[in-house]
Amino acid sequence: MLQIICVIAIFGAMVRIVAWGQKTLSAKHFNWMLLLAFMVYAVGNLYVTLFSRVPGSGLTVELIPFMSIVRLFTNPVEAAGEVTGCFAWFMQGTVPVTSIILNIFLYLPLGYLLAVLFPTLRKRQILFIGCLCSIFTELVQFGLEMGYCETDDVLYNTLGTAIGMWVWHLQSRRLNKLKSNELPKE
């Protein structure tokens, strides 16, 4: 549960920083800040999904959707491959449902940042990018035998992308509403 709170706090801080940056920074500096945030997210995502895993430590392929939920009730403790470093410490003591929630949260920043960085992208294009990134990650995990390669991860990651995009949509509407309510400066 502590892991979920940590991830929510980090995402919340990112949302607040983006709102602050949009209000106070020039367009050029704001875009640089967004690119930096995207790079930090990309490195963090790669660390969690690939670099923290021990190659050859496990291989399970599950193509039937929602089997991770079924496993919660039938076989709740199952090895998903070995993880090392900070991520092993972070995941210590988690219950299986936490992994499902963290899979959703892992792609929240992707949907959010893509929507902010590329406002001309359509929602389905952002979802498609999130889905492709998740599929690519699963294929690399499969190729290197690094834990579960499952349809559920793609579904949860794509859901996370959609939620991140939705958060930006709500935030941008709120920021635009605040701008329209401001009194003109004399």
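Which residues have the most contacts inside the largest nonpolar core? They are Phe11, Val18, Leu34, Tyr112 and Val116, in a core of 30 residues. A nonpolar core here is a set of buried Ala, Val, Leu, Ile, Met, Phe, Trp, Tyr and Cys residues joined through side-chain atoms within 4.5 Å. Buried means under 20% relative accessible area, with a 1.4 Å probe and protein chains only.

The model is predicted: local features need pLDDT of at least 70, side-chain atom pairs count only at pLDDT 80 or more, and totals for chains, interfaces and linings use all residues. Residues are numbered from 1 along each chain as its sequence is written, and side-chain values use heavy atoms, leaving out hydrogens and water.

**Overall fold**

The protein chain has 8 helices and 2 strands. Their order along the sequence is α-α-β-α-α-α-α-α-β-α. Helices (H or I, at least four residues) and strands (E, at least two) are DSSP runs, numbered from the N terminus. The chain has 186 residues, and 36% of them count as buried. Its accessible surface is about 11,400 Å², computed by the Shrake-Rupley method with a 1.4 Å probe. Carbon and sulfur atoms hold 71% of that surface. Among contacts with a separation of 6 or more, 82% join residues 24 or more positions apart. A contact means heavy atoms within 4.5 Å.

**The core**

Back to the largest nonpolar core of 30 residues. Helices α1, α2 (27-51), α4 (85-91), α5 (96-106), α6 and α8 each give at least two residues to this core. Helix α6 supplies the largest share, 8 residues.

**Aromatic pairs**

Rings of Phe, Tyr and Trp (its six-membered ring) pair if their centres lie within 6.5 Å; planes under 30 degrees apart count as stacked, over 60 as edge-to-face and the rest as tilted. The count comes to 3 aromatic pairs. Two of them are listed here.

| Pair | Geometry | Centre to centre | Angle between planes |
|---|---|---|---|
| Phe11 and Tyr112 | edge-to-face | 5.6 Å | 80° |
| Tyr112 and Trp168 | edge-to-face | 5.8 Å | 85° |

Phe11 sits in helix α1 (residues 2-24) and Tyr112 in helix α6 (residues 108-117), so their pair ties together parts 101 residues apart in sequence. Trp168 belongs to helix α8 (residues 151-181), so its pair with Tyr112 in α6 links parts 56 residues apart in sequence. Phe11, Tyr112 and Trp168 form one aromatic cluster.

Relative accessible area is 12% for Phe11, which is buried. Tyr112 is buried at 0%. Trp168 is buried too, at 12%. Not counting residues up to four places away in sequence, Phe11 touches Leu108, Pro109, Tyr112 and Val167.

Notes
Buried < 20%, exposed > 50% of the residue type's maximum accessible area, 1.4 Å probe, protein only.
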